[in-house]
Amino acid sequence: MNWSIIITVKRPEIAKTRLSEPVGEFRPALARAFAADTVAAALACPTVDLVVAVTDDSTFGEEARRLGAVVIADAPDAGLNAALRHGAEEARARRPDLAVAALSADLPALRPDQLSLALTAAAEHPVSFVGDLAGLGTTLYGALPGVPFSPRFGGRSRAAHRAAGAVELMLEGIASVRRDVDTEVDLWDALRLGVGPRTKTVVAEL
């Protein structure tokens, strides 16, 4: 089973606000770097055939296109889950044979082989998800072809996805899939795992 990946990226003025104090004016560049490294890793994953980026950030959109993603505007403009569903509709219109997964845009340490491991496990369940390292959120949510795509990202999304019947994938060896970055501590942990080249470049300028 191969996959379409949906990644949504906020406008820079509202992205990664909890990093405002530690990174200052570099926050927009860092948020874009996180997202671009996430897109690049997803495109390098052997079980991913299509990446759809949903964004109204034209600067990031240009970078995502250069990397090989399909870029569409956030037409619903109604929050993260609406944007993800919009992206899934586009992906399924293009490739109805593929399973669809929503992936957090702030996974700068993402490794293609670890994403492949998670997606291979996800292919065994109609709907499934991967929780973040904090134990409250979600970094990956997947649905097989023909199965309703109903992501519930937001506060305590891990519990929301479990309550909706999605299977939580409890796997070893996928730390890079689970390491989303919202805080300075998260960023240091991502750096420990090894971030992608765009994030590394911005961090070097801090």
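1. Helix 2 (27-43) gives the lining of the largest pocket its largest share, five residues. Strand 1, strand 2 and helix 4 (80-94) also put in at least two residues each. Helices here are DSSP runs of H or I, at least four residues, and strands are runs of E, at least two, numbered from the N terminus.

2. A quick word on the source: this is a predicted model, with local features needing pLDDT of at least 70 and side-chain atom pairs pLDDT 80 or more, while totals for chains, interfaces and linings use all residues. Residues are numbered from 1 along each chain as its sequence is written, and side-chain values use heavy atoms, leaving out hydrogens and water.

3. Back to the pocket: its lining has 45 residues, with K10, K16, L80, D106 and D182 nearest the centre. A pocket is an open set of points on a 1 Å grid over the protein atoms alone where a 1.4 Å probe fits, with protein on both sides within 12 Å along at least five of seven lines; lining residues have an atom within 4 Å of a point.

4. Now helix 3 (residues 58-67): F60, G61, E63 and A64 are buried (under 20% relative accessible area, with exposed being over 50%, 1.4 Å probe, protein chains only). Down the helix axis these fall within an arc of 165° (directions from axis to C-beta atoms), so they line one face. S58 and R66, on the other side, are exposed.

5. At the ends of helix 3, D57 caps the N-terminal one, with a side-chain oxygen 3.1 Å from the backbone nitrogen of T59. Just after the helix, G68 has a positive phi of about 120°.

How values were computed:
Contact = heavy atoms within 4.5 Å. Polar contact = N/O pair within 3.5 Å; in protein donor to acceptor, adjacent residues only side chain to side chain.
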